[in-house]
Amino acid sequence: MRARGQGFLTLLLAGILAVGGVAFDRLGPKEPAPAPEGSVETGAWLCPHGGGKGYEGTVFLANPGETEVSTRVTGLTAEGVSETSEVDVPPGGQVEVSVPARDRAASTFVETFGGWVAAGWLVRGAGGEPGLGAEPCTPQASRSWFSAGATTGEGETSFLVVMNPFSTDAVLDVAMFATDRAPVRDSDLTDLTLSPRRSVAIRLNDYAQGEEALGVSIAVASGRAAASTLVVSRDRGIESVVATPAPAARIDLLTSTGAGQSSLSVMVPTRVADQGGDAVRAPVGQLGSTFAATLRSADPPQPAGGLSDQAQEPESAAVYPVATAGASAVDLVVRDGAPVVAALRTVGVGKDDGSTGGSATPASSWIVTPTVAGDPSRPGVLVLNPGSGDASVTVVSLPTGGAAEGTAAETTITVPGGSVGAVPGRFLAAAGATSMLLRSDGSPIVALGASTSLGNEGLSLFGLAAGVPIPESQAP
C-alpha cells in the first residue's frame, strides 16, 4: 500500500509540473493572480510592426479610463518569444514600452487585464535605413487581411509582416495584385504555416518587383493572425501600414505636410461586394469598383486628383497622384461595385515619407498615440469631421504619470462639417510626447497623428498614424 501511494504521489507531482510547464510556455512568466470568473475585463492588441538591424521599437499604451489596467507585453520573432514584461497603465495616462525591433519579423502582442487601453507602435530605423514607421495596433486577429501599402519600385523594398501569438498553427495563403499584371499567387505563399507564438516577414520584392502599387491579400485557412506592410526606401525612409480585416465602401485618409504631394494607392481585392445589405451575385474576382475621392481641408471640398468617377478592375492595385496642402484628408467613397482597400503616402519635408491605411468608420471618441521619435519635434494631431454639422472636440493629454500626477492638459477645437481641423501646435508641444484623448460633442470624427521630429528644426523624420477609435462601451 505504501509503495502504491508513493507511486500515485509521484505521478500526481509529475502531472502538476507538466501542466505548469505548458501554462508558462503559453502565457509567459509572472502571470497576474486570477480573479473570480467574470470579474476581470480582458483584451488584446496585435502589433506587427516589423523592424531591422539596429531599429528601435516602441509600443504606446494609453488608458483613458478611471482605473489602472494591467498588461502583459510579449515580443515575437521568427524564432518565437523574445521577451515578456508586465506593465501597469495608470488611469488617464500612458506608458511607453520599449520593444524588440531588431529584425524584419519583429512583432508585439499586448494582453490587457482589468480595463481597456489603446495601443500604437513606432519603429525608428538605423544605419543606412533612417526613417520612422508608426501605426495603431489592431484589436483583433482575423482570418482575412488586406493592405494597399506595399510598393516595390526602384530603391524600395516591401515586407509583409504576419504574426501569430496563439498556441495553434496559422495556415495562410498570400496573393498580390498590381496594375498591369495577373495576380501573383506563388506556391511558396500557398498553405504557408506560421507556427504558434511566432512572426514572419515576407519580402514581397521576391515575388513582384518593380510595382509602384502592390496590394496584398491574406486568407487564413486555419488559425488566426494579424498583418502589416513595412516599406524601406532608399530615398523615402520607412513606412508602416497596418492591414485591415475587410475592404470598405468608404475610407478616410488624413495627412499633413508642407510638401503638398501625396499618392493614393487603391486595391480592389478578390471579394463579392455587399451593396446595401444585398449581396451582388457575381463570381469571385469578377467585380470591379468605381469610386470618387474628395479632398477635405479648412477650404471648401474639391475632387482629389481628379478622381470623381474612377473605375478600377478587380484583383488590381493602382496608384493615383493627389495634391494635398497642410492638414487635409482624402475622403474615398465607392460609387458602384466592390469595396476597396486604400493607403495614402505623403512626401515628408525631409527624406522620410509617411503612410497610413486610414479609417473606415467615424467615432465619437479617439486615442491618438505619439508619432514623434524625439526632440526637436513638431507634433500634430488632425481631426476630420465627415458629417454636415459642427463637431466640438475636447482634447485631453494622457501623460506618463497619469491623471493623478496633475499634469494633464485640455483644450477644445471646433471642426465644421466636411472639413479638417488641427489641434493647436502650442498645446501639443507643451504636453510633450503623450497620447491624446479626443471626444466629439456633435458629429462623429476621424483622428490621426501627423508629426515631424529630429534634425535641426525637427523636420527630419515624418510619422503618420491613424487614431484608435474607443468602443462606445468604453468611452470615458
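Begin by selecting Glu-315, which lies in the loop between strand S23 (310-312) and strand S24 (316-323); helices (H or I, at least four residues) and strands (E, at least two) are DSSP runs, numbered from the N terminus. Although Glu-315 is not a glycine, its phi is positive, at about 50 degrees.

The model is a predicted one, in which local features need pLDDT of at least 70 and side-chain atom pairs count only at pLDDT 80 or more, while totals for chains, interfaces and linings use all residues. Residues are numbered from 1 along each chain as its sequence is written, and side-chain values use heavy atoms, with hydrogens and water left out.

**Two further loop residues**

Select Leu-454 next, in the loop between strand S35 (446-453) and strand S36 (461-466). Leu-454 is not a glycine either, yet has a positive phi of about 65 degrees. Its relative accessible area is 15%, so Leu-454 is buried (buried means under 20% relative accessible area, exposed over 50%, partly exposed in between, with a 1.4 Å probe and protein chains only).

Then move to Pro-376, in the loop between strand S28 (365-368) and strand S29 (377-378). The peptide bond that leads from Asp-375 to Pro-376 is cis, with omega near -5 degrees.

**Aromatic pairs**

How many aromatic pairs does the structure hold? There are three; rings of Phe, Tyr and Trp (its six-membered ring) pair if their centres lie within 6.5 Å, and planes under 30 degrees apart count as stacked, over 60 as edge-to-face and the rest as tilted. Select Trp-45 and Trp-116, one of these pairs: the arrangement is edge-to-face, with 6.1 Å centre to centre and 70 degrees between the planes. This pair links distant parts of the chain, 71 residues apart: Trp-45 belongs to strand S1 (residues 42-47), and Trp-116 to the loop between strand S6 (107-113) and strand S7 (118-124). Trp-45 is buried at a relative accessible area of 5%, and Trp-116 also counts as buried, at 16%.

Now select Phe-109 and Phe-166, an edge-to-face pair with 6.2 Å centre to centre and 70 degrees between the planes. Here too, distant parts of the chain are linked: Phe-109 is in strand S6, and Phe-166 is in the loop between strand S10 (156-164) and strand S11 (170-177), 57 residues apart. Phe-109 counts as buried, with 10% relative accessibility.

**An open sheet**

Switch to a cartoon view and select S9, S14, S11 and S12, in that order: these four strands form an open sheet with antiparallel pairing (two strands pair if DSSP finds at least two bridges between them). At the edges are strand S9 (144-150) and strand S12 (192-194), each pairing on one side only. Within the sheet, S11 and strand S14 (residues 214-222) run antiparallel and are joined by seven bridges. To see a bridge partner, select Met-176 and then Val-216, its partner in S14.

**Confidence**

Finally, colour by pLDDT, the predictor's confidence in each residue, from 0 to 100. The chain averages 88, and 87% of the residues score at least 70.
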